[in-house]
Amino acid sequence: MVHLADGEGNFNIDVTKGYLKLLNKIKRSGIKNIAYMTMGKIHPLLKKSFGKVAEEKLMLSRAGNLEFGPKLYHHGSIMCNSPSGLKHNVLLPNGDVYLCCMDYALTHKLGNLLTGDYEKLFKEKEFIDIKQRLKNERLGDVICRHCEYAVIDNYKKYLRPIKNYLLKIIGLKREGD
């Protein structure tokens, strides 16, 4: 995922000749599964080259780490509803792996790939503790409780009756169905 500069200045980077040259080199590289995104509207100088391929996303609070949007706290048993769930990890240049890109404060270090194996990270104490704290908030805080991607665990169980009720109201479902 290549984060591009936006027109609002959310991604704090100067759009210089060097930056444009680097982006075009990446675009021509042939890297498989490459994707482009921006936090807000794409920067005007990037629109011609990347406007059709860049996904413009809304700015998030990064699990309460940024002074942006409402302060969230999810109670009860929760789960990550991002597309890659708890495996949306971040690898830093020193080999450290953190839980996800929302962890700007670097609070949930899972391990280090210079001293360990990626798959083992999900069997280590830190990851197991995180999963337990997602289920039971009395065990301690976890950034997911402040994240826009968190949802109530087993939310589909709660959505089914709501969906059926709404279908009944608009006449698409009869009482006995």
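Predicted model: local features only at pLDDT ≥ 70, side-chain atom pairs only at ≥ 80, totals over all residues.
A residue is called buried when its relative accessible area is under 20%, exposed when that area is over 50%, and partly exposed in between, with a 1.4 Å probe and protein chains only. Residues are numbered from 1 along each chain as its sequence is written, and side-chain values use heavy atoms, with hydrogens and water left out.

Helices (H or I, at least four residues) and strands (E, at least two) are DSSP runs numbered from the N terminus. Helix α1 covers residues 17-28, and its 12 residues should span 16 Å at 1.5 Å a residue, which agrees with the 17 Å between its end C-alpha atoms; the expected span is 1.5 Å times one less than the number of residues. Just after α1, G30 takes a positive phi of about 80°.

Together with helix α2 (residues 44-50), the strands β2 and β3 make a right-handed β-α-β unit; right-handed here says that, with the strands pointing away from the viewer, the path from the first strand over the helix to the second runs clockwise.

A separate description applies to the open sheet of three strands, whose order is β5-β6-β7 and whose pairing is antiparallel. Its edge strands are β5 and β7, each of which pairs on one side only. Strands of a sheet pair through backbone hydrogen bonds, either parallel or antiparallel. Between β6 and β7 the antiparallel pairing extends over three bridges, and K109 in β7 is the bridge partner of Y98.

The side chain of K109 also takes part in a salt bridge, with D96, the closest N and O atoms being 3.2 Å apart; a salt bridge is a side-chain nitrogen of Lys or Arg within 4 Å of a carboxyl oxygen of Asp or Glu. Because K109 lies in strand β7 and D96 in strand β6 (residues 96-98), this pair ties together parts that are 13 residues apart in sequence. K109 is partly exposed at 39% relative accessibility, whereas D96 is buried at 9%.

The structure holds four salt bridges, and another of them joins the side chains of E119 and K87 at 3.6 Å, N to O. Since E119 lies in the loop between β7 (109-112) and α3 (125-135), and K87 in the loop between β4 (78-80) and β5 (90-91), the pair ties together parts that are 32 residues apart in sequence. E119 is partly exposed, with a relative accessible area of 43%, and K87 is likewise partly exposed, at 43%. E126 and R133 form a further salt bridge, with 3.8 Å between the closest N and O atoms, and E126 counts as partly exposed at 23% relative accessibility.

Finally, H108 is found in the loop between β6 and β7 and counts as buried at 5% relative accessibility. Leaving aside neighbours within four places in sequence, H108 is in contact (heavy atoms within 4.5 Å) with residues including Y98, E126 and R133.

Key
Pairing = 2+ DSSP bridges.
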